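Dear colleague,

Please find below the structure that I would like to hand over to you. After it, I set out what was found, beginning with a term that the later paragraphs rely on.

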Amino acid sequence: MLSEKSLAEIARERAKYPADQARSVLLAALRIAQEEQGYLSDAVMEYIAGLLGIPAIQVYEAATFYSMYDLQPVGRHKLCVCGSVSCFLNGSDAVLQHLSERLGVSPGETTADGLFTLQEVECLGACKDAPMLQVGDHYYENLTQESLDALLAKLRGESDDVR
């Protein structure tokens, strides 16, 4: 189900915790599996439950609680727009609307070419630079329509410039 490399990485994470605390490695195991598989299928989550010796429901609870885990395939670039109070008061609804119009998808959907998935998520912890969004491990802050268009162009490979 998972590669030897991923299994070894999960084993390294598990070694950090007492033997009777296997659940402590759950979030790391989910991250590792998602990085390899692209998303967390039911089969992968059940496999992780068996690997860690914990009930499958605990795996499902964690995977469905955190927005960083995907339970279905997502686009190459997942655009996570913060919708919490600071971002909302600074225009995250306009950011979401602009991206929706430019991409032709609603939040929770993926573009037909599989390049983008648009999501609205809870606080990403960059309140002072709201509105903001996350793509992969990168934060983009103080967003404007122009900076969003430049970001989309860069992610499409049309430009090297992101303001």
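A residue is called buried when its relative accessible area is under 20%, exposed when that area is over 50%, and partly exposed in between. Please also bear in mind that this is a predicted model.

With that term in hand, we may begin with helix 4. Its buried residues are Gln 58, Val 59, Ala 62 and Ala 63. Around the axis they cover an arc of only 130°, so they sit on the same side of helix 4. The face turned away from that buried side carries Ile 57, Thr 64 and Phe 65, which are exposed. Among the elements that cover the buried residues of helix 4 are helix 2 and helix 3.

After helix 3 comes Gly 53, which has a positive phi, near 70°.

Glu 36 belongs to helix 2. It has a relative accessible area of 31% and is partly exposed, because this value falls between the limits of 20% and 50%. Leaving out residues up to four places away in sequence, Glu 36 touches Met 1, Leu 2, Ser 3 and Ser 6. Glu 36 and Ser 6 are 30 residues apart in sequence, while their C-alpha atoms are 7.5 Å apart in space.

I now turn to the overall arrangement. The protein is divided into domain 1, residues 4-65, and domain 2, residues 77-162. The C-alpha centres of the two domains lie 29 Å apart. There are seven helices and four strands in the protein, and from the N terminus on they follow the order α-α-α-α-β-α-α-β-β-β-α. The C-alpha trace spans about 50 × 30 × 25 Å along its principal axes. Of the 163 residues, 44% count as buried. Among contacts between residues at least 6 apart in sequence, 56% join residues at least 24 apart. The accessible surface comes to about 9,100 Å², and 49% of it belongs to carbon and sulfur atoms.

Cys 80 lies in strand 1, residues 77-82. Is Cys 80 buried or exposed? Its relative accessibility is 7%, so Cys 80 counts as buried. Apart from neighbours within four places in sequence, Cys 80 is in contact with Gln 119, Val 121, Leu 124, Met 132, Leu 133 and Gln 134. Cys 80 and Ser 147 are 67 residues apart along the chain, and their C-alpha atoms are separated by 15 Å.

Ser 100 is part of helix 6, residues 92-103. With a relative accessible area of 17%, Ser 100 is buried, because the value is under the cut-off of 20%. Its contacts, once neighbours within four places in sequence are set aside, are with Val 105, Ser 106, Pro 107 and Leu 118.

Two loops complete the account. Where is Pro 131 placed? Pro 131 is in the loop between strand 2 (116-121) and strand 3 (133-135). The peptide bond that leads from Ala 130 to Pro 131 is cis, and its omega is near -5°. Asn 142 is in the loop between strand 4 (138-140) and helix 7 (145-156). Although Asn 142 is not a glycine, its phi is positive, at about 50°. The relative accessibility of Asn 142 is 46%, so Asn 142 counts as partly exposed.

With kind regards

Technical notes:
Residues numbered from 1 in each chain as written. Predicted model: local features only at pLDDT ≥ 70, side-chain atom pairs only at ≥ 80, totals over all residues. Heavy atoms only, no water. Domains from an automatic or database assignment. Buried < 20%, exposed > 50% of the residue type's maximum accessible area, 1.4 Å probe, protein only. Contact = heavy atoms within 4.5 Å. Areas by Shrake-Rupley, 256 points an atom, 1.4 Å probe, with all protein chains shown as cover. Arc of directions from axis to C-beta.
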